[in-house]
Amino acid sequence: MSAPAHRPAKAERTMWTTRVRERAVREMPPEKLLPDRQPSYVSSWIYVFGVVTIAAFAVVVASGVILGLKGPEWWHLTGLGHFVNSMHLWAVEIFFFAMVVHLWGKFFMGAWRGGRSRTWVTGAITFLVAIGAAFTGYVSQQNFDSQWIAFEAKDGLNAVGIGSFFNVANFGQMYTWHVILLPTVVVLLIVGHVLLVRRTGVVPPYAARLAKAPPAATATAAGAATGAEDA
Amino acid sequence: MTGTTPLGAIFDLNVPAHYLSWHFIQISVPNFVVIVLMIVVFVAALLIPFPKREREP
């Protein structure tokens, strides 16, 4: 299934749709995109925190859509509004909690090895953009807490020289960043991150057992492992 | 608000957080607790065995 069944004629190959489709199938064959098996080394709890992060993000988006549709008066003054507001907050807490544990796990297993640098970089950028998304959420609450955070943050942003680009005390501006711009960037980064994981596979653990093997076997195995990781 | 209803929060979140100070480091107790919990979960994820399942290498 990795190659298209029908090979287009030369005239058809000039169409951009044909070229995009062929490249998409070549770069991301269906058996890699939706695999039916995973390597044995992923049988560890440390590998579940990536998907926990995505699950929490789905709750964040769903609860955020409800909050956005109902508005500040609803989320401040009604019981159901308080509930959805709290669900939004705690889903964000779980999102960052799981993402940090995921980051620690991938850092200590050197997840950028074996041609996976783009996977690592997209994950790191997602983390940074998500901090901005969470911050703009805090200043969009429409209460004294958000006012306090906004005026503290104003000094912080001015101190690092980017204060002229953002007005953190402007609800409309911060709300647009929070519900449109930054979530879109986070979603695109997560999609790219997951596609890169599918393409290159989950990073294998360090070859910890090589040190116990005989010298000759160690050299051979180490060479093979290095070659595999650099592929 | 806590204490006004039987189902009020276990911890009163309507008061300023306590802070821990150590030289130039200053951190709120809630943030410190979350960081400790993350470390605990990270170590537990490494040590607790994953349910066995038939997989190919």
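1. By class, the chain B side that touches chain A has 13 nonpolar, no polar and two charged residues. Ala, Val, Leu, Ile, Met, Phe, Trp, Tyr, Cys and Pro count as nonpolar, Asp, Glu, Lys and Arg as charged, the others, Gly among them, as polar.

2. This is a predicted model: local features need pLDDT of at least 70, side-chain atom pairs count only at pLDDT 80 or more, and totals for chains, interfaces and linings use all residues. Side-chain values use heavy atoms, without hydrogens and water.

3. Chain B and chain A bury about 1500 Å² between them, with 77% of it on carbon and sulfur atoms. Buried area is the accessible area (1.4 Å probe) lost when two parts are put together, summed over both. Chain B gives 15 residues to the contact and chain A gives 17 residues; contact means heavy atoms within 4.5 Å.

4. The second largest pocket has a volume of about 1200 Å³. A pocket is an open set of points on a 1 Å grid over the protein atoms alone, where a 1.4 Å probe fits, with protein on both sides within 12 Å along at least five of seven lines; lining residues have an atom within 4 Å of a point. The volume is the space filled by probe spheres set on the points.

5. Of the 42 lining residues, H102(A), K106(A), V197(A), R198(A) and V202(A) are closest to the pocket centre. The lining has 22 nonpolar, eleven polar and nine charged residues.

Note on methods
Residues numbered from 1 in each chain as written. Chains lettered and ligands numbered in written order.
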